[in-house]
Amino acid sequence: MTATLTAPVPGAPPRTVSRPRAAGWLRHWPLLPLIATVLLPALPYGLGVGGGASVGPADIASGIAVLVCAGRLLYLRRRPLSGAAALVLGLPAVGFAVAAVTAADPAAALPGLVRYLQVFVLVPAAVCLLLKDAHGFRIVTAALVVLALVQGVVGVEQYVTGTGASYMGEEIRAVGTFGPSDIMGMATVVAYGLLAAAACALRTPRTAPAWLRPCAAVVAVALIVPLTLSFSRGVWLATAAALLVALALAGRRQALTSLAVVGASAVVLVGGFGIGSQLITERAASVTQVTRAPDRSVSDRYAMWSAAGSMWREHPATGVGLKGFPAHRDAHASVGLSSGSDTAGAGQEFRRQALLSPHNMYLLVLGEQGLIGLTAVVGSWAAILVGAVRRLRHARSRGDAAVDCGLVAVALMTWQCVNFLYSDIGGPTTVLAGVILGLAAWWALAEPGKAGTPAAPGKAGTA
């Protein structure tokens, strides 16, 4: 903070020293719980609450964010979400409530109702309401990049030193601090950071320093390494799809240049330095073999997908109820389903992990919540994604200063929608899905003009 000082004039009235207002981080203090929500999933502990569920530090931080949001609305008496935003974000709650009430054991479905409301309704709404402008959006996405870098460094170190999770008989699989029990955790956060950095490199904010674009490009390319060493085929496919969408929306010239850079980087990292080249080639080739000669994990996934479909056919409207998949799995799964998956390494002894979900979010919702729940959830997500793409194209045409935010929002939302084809909620990174939905919803549903121009000091923009 600076001030201009002048010599006092005898007999002059007391003068007021003008100091620039600390309009930077002080205006964005409500974002602190959101930043904590992004960073804390990396901590390897949580509080068990029964029923196999646990509450981690990130969940507590997300609860604080929701309380801060509610307190600001009550104290400052600001207008809450617009009608369209409230409808889109609140629509999934209808399906959740119906599935909980119609479950065979509503009391057992209650924890699931709380979890679903937290991740898919409350946290996204809190993100929308706490973000004031594009600067706040960039602060939250920067936290995603920081988390990805930390986890990526840990994951690469695990591969190099042979202290990762077990894969093909070797403890080389990069899992970061999440451990083999949450095999997708590191890959998920690294993908988030990679997409955020890539979007920043494609469309750097106008007011950003000159070094930001090359730095973002280097970070995006570097994060390819831990993402590759995660050996997570679903995350690879989702990241590739999201990058292609972002490149297509960024412009033809940038798309061609960026594809050339990414291709050259992959050749150098995997081919030139030999970073897991044989294992990566085999893993990538297995993507095309899932229908001809699927491995055990793919066979189990097919069996669980079939079980979820059978549950829906038995209860087409409302499903078997929230948290009902494990209880109904054996009655609907084929005899070929194994009892669980083997996990070991990264400091954990050999453990048999039960298969309690179909590893497909859409089929999980269909089986547990029926057509009512699936229509509400998919309808909400589709509205957010379509709205984000439309607003991004409009922002590009008018030269909006926040096009980088739009690219991040579309890329992350695309990734989440594609990745849910191969995964569902569960583990410490679950709450991050709510943050991603909130970022995309803020971009898609904020009032025109609010996303592109930061609010002036003392004047908060509403989302």
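The conversation below sets computed values against the definitions in use.

Mentor: This is a predicted model, in which local features need pLDDT of at least 70 and side-chain atom pairs count only at pLDDT 80 or more, while totals for chains, interfaces and linings use all residues. Residues are numbered from 1 along each chain as its sequence is written, and side-chain values use heavy atoms, with hydrogens and water left out.

Trainee: How many helices and strands does the chain have?
Mentor: The chain has 16 helices and 6 strands. Both are DSSP runs numbered from the N terminus: helices are H or I with at least four residues, strands are E with at least two.

Trainee: What makes Cys-405 buried?
Mentor: Buried means under 20% relative accessible area, exposed over 50%, and partly exposed in between (1.4 Å probe, protein chains only). Cys-405 has a relative accessible area of 0%, and is therefore buried. Cys-405 belongs to helix α15 (residues 403-419). Buried residues make up 49% of the 463 residues in the chain.

Trainee: Which residues are in contact with Cys-405, leaving aside neighbours within four places in sequence?
Mentor: They are Ala-134, Phe-137, Arg-138 and Trp-443, where contact means heavy atoms within 4.5 Å. Cys-405 also lies 8.9 Å from Thr-141, C-alpha to C-alpha, although 264 residues separate the two in sequence. For the chain, residues 24 or more positions apart account for 75% of the contacts with a separation of 6 or more.

Trainee: Why is Ala-165 counted as buried?
Mentor: Its relative accessibility is 0%, so Ala-165 counts as buried. Ala-165 is in strand β3 (residues 165-167). Ala-165 and Ile-183 are 18 residues apart in sequence, with 8.1 Å between their C-alpha atoms.

Trainee: Why are the buried residues of α13 said to line one face of the helix?
Mentor: In helix α13 (residues 325-332), the buried residues are Phe-325, Arg-329 and His-332. Seen down the axis of α13, these residues fall within an arc of 90°, so they line one face; the arc is that of the directions from the helix axis to the C-beta atoms. Ala-327, Asp-330 and Ala-331 are exposed on the other side of α13.

Trainee: What makes His-332 a buried residue?
Mentor: The relative accessible area of His-332 is 14%, so His-332 is buried. Not counting residues up to four places away in sequence, His-332 touches Ala-307, Ser-310, Met-311 and Glu-314.

Trainee: How do you know that Cys-215 is in no disulfide?
Mentor: A disulfide is a covalent bond between the sulfur atoms of two cysteines. The criterion is a pair of cysteine sulfur atoms within 2.5 Å. A search of the whole structure finds 0 disulfides. The nearest cysteine sulfur to that of Cys-215 belongs to Cys-200, 8.6 Å away. Cys-215 has a relative accessible area of 36%, so Cys-215 is partly exposed, whereas Cys-417, at 17%, counts as buried.

Trainee: Which residues make the nonpolar surface patch of about 230 Å²?
Mentor: Leu-39, Val-146 and Val-150 make that patch. Like charges are joined within 9 Å, and nonpolar side chains (Val, Leu, Ile, Met, Phe, Trp, Tyr) within 5 Å. Val-146, in helix α5 (residues 134-161), is partly exposed at 45%.

Note on methods: Patch = residues over 30% accessible without salt bridge, like charges linked within 9 Å, V, L, I, M, F, W, Y side chains within 5 Å. Areas by Shrake-Rupley, 256 points an atom, 1.4 Å probe, with all protein chains shown as cover. Salt bridge = Lys/Arg side-chain N within 4 Å of Asp/Glu carboxyl O.
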